[in-house]
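Let's take a walk through this structure together. Have a look at it first, and then we'll go from the whole chain down to a few charged side chains.

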Amino acid sequence: MPLVKRAVEPVYISRTQLDKAIKNELEGVVVNTLSGLIKQLSSISKHAENLFGELFNEATSIYERSSKLNIRVSALHEKAALLDSTVKQQIAADDIFHHFKSVREEEQQILSRSTLPNALQEMYNSCDSPPPLSLFTPYRDDGRNGMSFYTNPNYFYELWVKDQNRLIEKKKKRERRRREKKKDRPKKEIKAIKKKVYHNVDKEFQDENTLPSEPSKRPSMIMEKEDEDYRPPGPPPAPAPAPPS
């Protein structure tokens, strides 16, 4: 439902009941129409003043932000003009550790009563007050406030909480079904294990069934056997004595 921010009143300028004391009805209708037009002009001027006031506030805010930005750009331009790309300059420690930090201001209570535009504030004040349903609260067994059936500021928050709880319940059920499905899954029986034997001779990996009946000896064992049979040679024989002359 669209909310009308500014409404020009009166809407119907000629639909007014004439006084019974008026003898000339045509003259009475003309007077009522003229007075209605004057009221409409005053309503338009009031809305125009309110509209220009809001525009002035927005323009002032934009001017302040642009002025701060202009000061920062000017300071940066001055520092950039002093720098020389051909000369190595040392940077001060203050410029490293105390560099510029922007201040981020977070606005709060944007939709509070104090931030309402004047047109909406006047419209809110002109509304009728809610019926006194809170008088029936002491007579309710559930302890709920009777005014909550007519207007409830926490309605959207409670609706969001219900949606979140429903999503949490769905997630819990999905996890529970997954665990039960995993528990009911049959376990696979291991029938046999294939063993791999490592050989240093010719083949790296072989199945146990394809091994030769008498595996060859390892080179290390052969070398050990040869070392056992090996004997170092003795000293050379002495030369035979010369025959007597």
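A contact here means heavy atoms within 4.5 Å. Among contacts between residues at least 6 apart in sequence, 43% join residues at least 24 apart. Keep in mind that this is a predicted model, where local features need pLDDT of at least 70, side-chain atom pairs count only at pLDDT 80 or more, and totals for chains, interfaces and linings use all residues. Residues are numbered from 1 along each chain as its sequence is written, and side-chain values use heavy atoms, with hydrogens and water left out.

Now for the charges. Side chains of opposite charge can pair when their charged atoms come close. The whole structure has six salt bridges, each a side-chain nitrogen of Lys or Arg within 4 Å of a carboxyl oxygen of Asp or Glu. Lys5, Arg6 and Glu54 form a network of them. Lys5 reaches Glu54 at 3.5 Å, N to O, and this pair links distant parts of the chain, 49 residues apart: Lys5 sits in the segment before α1, Glu54 in helix α1. Because its relative accessibility is 23%, Glu54 counts as partly exposed.

Over in helix α4, Glu175 and Arg178 are three residues apart, about one turn, and their closest N and O atoms are 2.9 Å apart in another salt bridge.

Terms used:
Helix = DSSP H or I, 4+ residues; strand = E, 2+ residues; numbered from the N terminus. Buried < 20%, exposed > 50% of the residue type's maximum accessible area, 1.4 Å probe, protein only.
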